[in-house]
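Let's take a friendly walk through this structure, one piece at a time. Have the sequence and the 3D view ready.

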Amino acid sequence: TGGDVSGVYPLADGSFFVASDTQGRLKNYLIYPMYIEKAEGSQIGKTDIRIATSINDDFLQFAVSRFNKNNEKYNIIVENYQKDGRDACEARLNGELAAGVGPDLINLMICDIEEMVENGYLEDMSLYLESSEKINEEDFFHTALETYHGILTAISQHFNLDVLVANSDFVGESRGWTLEEMVTFMEQNVGNQVFADPPTRDYFFMRMFYFCESEFVDRSAGTCDFDNELFRRLVDLAEEYPVSRTMEEYNAMPSVYADLNSGNGLLGWAPLNEFQDLQVYDAALGGKMTCIGYPDKERSGVRAYYYDALAISSNSPNKDVAWEFLEYYLTLTGAESMMQFPTYRPSLNFLIERAMIKEDTYWHNYYDVDEFRYMKHASTQEEIDEVMELLEAARPAENTGWGITGIIMDELEGYYAGKITLDAAIESIEKEVLLYLAE
């Protein structure tokens, strides 16, 4: 854990509660024993079920080891398809699927969902979910069910939240604003530090486009329009942010908490991994926090993101077993230890109960960052309700990749350097985005 372990306590489910003290900061962990040998390769007398992924997901490995240990017929194998790079991963995956020898389950992070659906490589899991005796659609937050053109392509086990927070004196007490409203707010505060932990220029555009890419790009029609006043205003605002930062510059920056607490930042990025996280931002804002959210036509602006959405391959000879594992994986208790929100509501209920127990010292983590000090407390019902509202509102962002954002950055480089006009840069952006959409 990187600190001094002060206690190890075995729990009834076979896991261990570990308490540690790292340079004056209390940190606690739940550790699960893993049976890696069960997941590394074929087992004699068992049929292999392959999962293609790209990340070292401890909880997936934990689920696989438990499933394999208790199953006499099938053996789950987790394979890292991206170990040789993204291009090699896509070539291998597409080649295997085209030949009918692909993996049984696929983590959607390693593939192009649109391409997979158009090629018929992903099984529609709607019928499996409708006929399941263990789970149903109402058991999950809507963001867990990954759909594409009406096809249920994947289901996620856990997710995180990301929202913009601000002092209610500046933005009011209600969540939500449009891109036009946020741009106006920033223009009215030119000369002030708008963001705690100010972004680099590329991240500025990406975050503005989380839920507003569709104001400039219509992916379904393959069209775009950047030649408008709103985009030009964004370009002007982005100019104040650096193209990049060195690690030394980044490390020298105050934390989001310290900037918000001192009033140096009007808006703060707030990633949320557990119920108590939100109270830290509220404390930094002197108890006047509004979860204003990212700009969004729907005035929600709560981003959900996950790394573990699993799909069933349509050419898998073991679809029923793959679904059996998914049922086991999705409902397995223990996700609450992974510092993420489980998508399965019964697991979340356990988190809520634990968060509200005052004596549960696992949650009493101490913050001492850049002169901002705070000790988490057991959640109140009001705090639980506020996080639940965010969980219900959350949805995946429209744009989290570097495709369109990268084009914008590349074509604006000449404009920011004074070499071309903004009209010329916008013309180039539209040309390159249209080519990108047509690929």
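Here, buried means under 20% relative accessible area, exposed means over 50%, and partly exposed lies in between, using a 1.4 Å probe and protein chains only. Please keep in mind that this is a predicted model, in which local features need pLDDT of at least 70, side-chain atom pairs count only at pLDDT 80 or more, and totals for chains, interfaces and linings use all residues. Residues are numbered from 1 along each chain as its sequence is written, and side-chain values use heavy atoms, leaving out hydrogens and water.

Start with helix 8, residues 229-238; helices are DSSP runs of H or I with at least four residues, numbered from the N terminus. This helix is mostly covered, with 7 of its 10 residues buried: Leu230, Phe231, Arg233, Leu234, Val235, Leu237 and Ala238. Their cover includes helix 6 (179-188), helix 7, helix 15 (403-416) and helix 16 (422-438), where contact means heavy atoms within 4.5 Å.

Now look at one of those neighbours, helix 7 (residues 201-208), whose axis comes within 10 Å of that of helix 8 and crosses it at roughly 145°. Axes are lines fitted to C-alpha atoms over the stretch in contact, and angles run from 0 to 180 degrees between N-to-C directions. Helix 7 contributes Arg201, Phe204, Phe205 and Met208 to this contact, while helix 8 brings Phe231, Leu234, Val235, Leu237 and Ala238.

Finally, turn to the cysteines. Cys224 counts as buried because its relative accessibility is 17%, and Cys291 is buried too, with a relative accessible area of 6%.

How values were computed: Helix = DSSP H or I, 4+ residues; strand = E, 2+ residues; numbered from the N terminus.
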